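Open the model in your viewer and keep the selection panel at hand.

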Amino acid sequence: MGRIQKNTSKLFRKSCDLTSPLCLVLVTLAMLGLGIVGLFSCSQSKESPYLKIGLPEEPRSLNLWLGTDANSRNILSQIYQPLFRRHPETLEMIPWLAQEDAVFNEKELTYTVKLRKAKWSDGSDFTSQDVLFTRQLFSDFRIPRYHSHWQVIEKAEAPDDHTVVFHLKEPSAVFLPRVMTAPMVSKKEWEQVCKDALATEKPLRYLQDYQIEKPLGTGPFMLQEYKKGAYIHMVRNPHFFGRGQTIGNLTLGPYVDHVLFNIYGTSDVAILALKKGDIDYYWWDIQPGYLKDLEKDSAVDLHYNKKSALYYLGFNLRKAPFNDKVLRQAIATVVDKAFILDRILQNHGNPMHSIVPAGNHFWHNPDVRKYGEGMDKETRIKAAFQMLSDAGYSWEIPPVAPDGSLTKPSDILLPSGEKMDKFVILTPPADYDPKRAFAGTMIQEWLRQLGMNAFARPMAFNSLLETVKGKHDFDAFVLGYGKLDLDPGYLASFFSSKNDNPRDWNMSGYRNPEFDKLAEMQKTTVDVQARKQMIFEMQTMLMEDVPYYPLYNPHIIEATVNKRFGGWVERVDGIGNIWSLCMVQPVK
Amino acid sequence: MAKPGYILLKLVEVGIIFFVILTALFFLFRLSPGDPISKMVDPMLTPEDMAHLIQQMGLDRPMWEQYLIYVKNFFTGHLGVSFHYGEPVETIIWDKLKWTILLFTTSTVLAAFVGVFLGKIAAWHKGSRLDNVMSISALVCYTLFIPWFALLLLWILGFQWGLFPLGGVLTPALWISNAPLITRILDVLHHLMLPLLTLFVINLGSYLLLMRSSMLSVLSEDYILTARAKGLSEKVIRNKHAARNAALPVITSVGLSLAFSINGGALTEQIFTWPGIGKELIFAVSNNDYPLAQACFLLIALVVLCANLIVDLLYAWLDPRITY
């Protein structure tokens, strides 16, 4: 017992010693000392020759087949390259790893693609064998996102090292924008991995989980070092085919030797880092709340660009009363997009009138039916009231009194005379996307002015998707796509009757045989102008039937520091693109 | 002092509880809405692609089969491969855990030592100006809102005065240029300072208040009066007679805090871009990364269970009156 007490007393005395005032003073001194060391190291790092880019999160993986999130794509898109890519300004498809435009033989249904004399980052040649291997890999592993589009190819052959002939099963409108924009991988790098993977029970999982240390690519940069949780260091690829070449009227670099990606957990800290000069560009959309502060800083340039995005109100057309087109049109009429734009987006965006965003100027149909445009609140309610009254809806106390003034209405009655049930507008929660959550609340208020018992309900994003996409158990919802493909092929995905299945993309349950017919036809229409007419017609139909009602399209706002680097290339979806990385150069 | 039989019984108890947690975790995650691919809102991803991904993850199999595989893997030392990162979860957890221990465990230990010391002083000077200042400061520290305080420190010490870096764990330029080891260690410590200071200040309040209140109740005991009557010095009464007994509830609290410190803290990690396990845990749960989330929770459960066991045994060692 005595020994135990002695031990206890010893332990306690030690702890007291450690917390003596002397110890506190030492800790304080150590912190100050480290602060000075930090000052020294910070001043050194500011002179470094690196282009420093901030990312909001760590990339998921640098394995191309797993790293499908935005941050991984930002890194991987500097390494793996497609045969064709879009011009930053005209958005037309232009040859990239391909030497020239693909030649289409309508009779034989073939595309002949001539390849550039490019090299992989290890100095080996990029050849048609790599293209054939990539195609085989998509097929063998049924690579998500690529396999479904590459299925249109019946066979591919390589007459020589720099020519590939693709034989199609049927004409394909999306051959260039969807098939030829897939990243090419090196046969040398992946052949053995693929063989090993195919021998396993779960080949795709094996391929995705394969840890790749130095990805081999043909892009402007290659990976030098990835220190997880800290930074990604990329260096200029000496074998990049584009260096010094003029592609799409731009003479490509890259003009910087090193790119350093740093992670910043919050926008607050990333903005401070930008202002302090710790980074040259923050590769993320800046919220309008930061703009006032950044506008005052002469060292910071702000870039405003349109986004290929769609934020919308969707209805469940599978159930009453939302299967009534007039009701949907009336709801569309009372939604005040100008208010959403002004109050929610703080005027950093555009109201959307069609499913295809206006920034996608080639495919966007500006002449679709526009609801409530140019109307004030009173006129919108009156117009919606008129539409509903004409269709047989009624109220005990209507929203518009006989003298034309607005009143607080009683609950709306359906044409059958029954009271319309309470309905719920599902939205993502405010901490996930405040814009969509607030838009849902505003729509709820506008609908109540028509006597509709609408309730906006924020729901965890996982549950929201499960409810809307998986179970189809909802009334209405506010959702969005932050990055829509520039090819409007998604119209067919979103609204074709055949996609009205659980977990499929036709979440509204829209069924229109005429639309389905056009959706199928446009897929195989290679003539761009003819396809454009069809896409226009599809947009017209959609805005007449309103399964989705497009709400807004926010601008993408980005910030760069102008002291060290300039030459960022602006395009739809912002300056964060491979063109910028190829064009940015030190400021003289 | 704990007897061997008691220790054995406790170990069996811990084992059973751990297995229950292991099972509960499996079903809890499977029953939560969505699956690992439900958040992928990408129109390029067809339903066939999704079904293929689910099949490759083994989630198309019946629940009982998945459970048996999970239990078998666990007992053969395989915690699985993260759906999100494609890496073995052990590797991910270890990568993050070292940073979490460095920050959160250090801050807990430091705050506990200083809190105990200051709490003892405050209680000894009960009602004095020193006590008032310490108690009010401790309350303020205890109620501080972490994101606000962390951003304030970053803004003043990191941005305005430039004394510390704005987050992260190291300065890339130093590491790329292969700076000497001592410089790199100092660099990491330099990055550690701001998050450490934040957590230290926030934790300090609770330990100080706990020690103060425990010490106050001990000081009213008869044996303290006896000690005074014996003519012992104030220092001896305070440190040997009062503080030693008052420290018992604090030890429980510190033990559990140390165990829970491996959780990290998502908010602190997010703001300081500290690559710890807290943010990863939240991410794994919200993205249905079952293997990673399960492994993280299992680790926490194991550490907490062990910490409880150790605190139990430590009690018997520290207080001779307690026997099992």
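Which residue in S12(A) is the bridge partner of Met234(A)? Select Met234(A) and look across to S12(A): the partner is Val259(A). Keep in mind throughout that this is a predicted model.

**Stop 1: the strands around S9(A)**

Now select residues 258–263 of chain A, which form strand S12. S12(A) and S9(A) run antiparallel, joined by 5 bridges.

Pick Met222(A): opposite sits Val235(A), in S9(A).

The hairpin of S8(A) and S9(A) has 3 residues between the strands. Stop at Gly229(A), which takes a positive phi near 80°.

**Stop 2: chain A as a whole**

The C-alpha trace spans about 85 × 85 × 60 Å along its principal axes. Colour by burial, and 46% of the 588 residues of chain A count as buried. Now take the contacts in chain A with a separation of 6 or more: residues 24 or more positions apart account for 65% of them.

**Stop 3: chain B as a whole**

Switch to chain B. How many helices and strands does chain B have? The count is 13 helices and 0 strands.

The C-alpha atoms of chain B fill a box of roughly 85 × 60 × 40 Å, taken along the principal axes. Of its 324 residues, 40% count as buried. Among contacts in chain B between residues at least 6 apart in sequence, 74% join residues at least 24 apart.

**Stop 4: two helices packed in chain B**

Select residues 89–124 of chain B for H4, then residues 234–260 for H10. Their axes lie 10 Å apart, at an angle of about 150°. Because of that angle, H4(B) is roughly antiparallel to H10(B). The crossing of H4(B) past H10(B) is right-handed.

Show side chains where the helices touch. From H4(B), the contact residues include Thr105(B), Ala112(B), Val116(B) and Trp124(B). From H10(B), they include Arg238(B), Ala247(B), Val254(B) and Leu258(B). Sorted by type, the contact residues of this pair come to 8 nonpolar, 3 polar and 2 charged.

**Stop 5: where the chains meet**

Bring chain A back. Here 65 residues of chain B are in contact with 68 residues of chain A. Several helices of chain B each supply at least two residues to its side of the contact, among them H4, H8 (181–219), H10 and H13 (290–318).

Which helix gives the most to this side of chain B? Select H2(B): this helix gives 7 residues. The chain B side divides into 41 nonpolar, 15 polar and 9 charged residues.

**Stop 6: a loop in chain B**

Finish at Ser177(B), in the loop between H7 and H8 of chain B. Is Ser177(B) buried or exposed? Ser177(B) counts as exposed because there are 12 C-beta neighbours inside 10 Å.

Key:
Residues numbered from 1 in each chain as written. Chains lettered and ligands numbered in written order. Predicted model: local features only at pLDDT ≥ 70, side-chain atom pairs only at ≥ 80, totals over all residues. Helix = DSSP H or I, 4+ residues; strand = E, 2+ residues; numbered from the N terminus. Buried ≥ 20, exposed ≤ 12 C-beta atoms within 10 Å, placed from the backbone. Contact = placed C-beta atoms within 7 Å. Axes fitted to C-alpha atoms, helices over the stretch in contact; angles between N-to-C directions. Parallel < 35°, antiparallel > 145°, perpendicular 65-115°, else oblique. Left-handed = near helix turned anticlockwise from the far one by under 90°. Nonpolar A, V, L, I, M, F, W, Y, C, P; charged D, E, K, R; others polar. Pairing = 2+ DSSP bridges.
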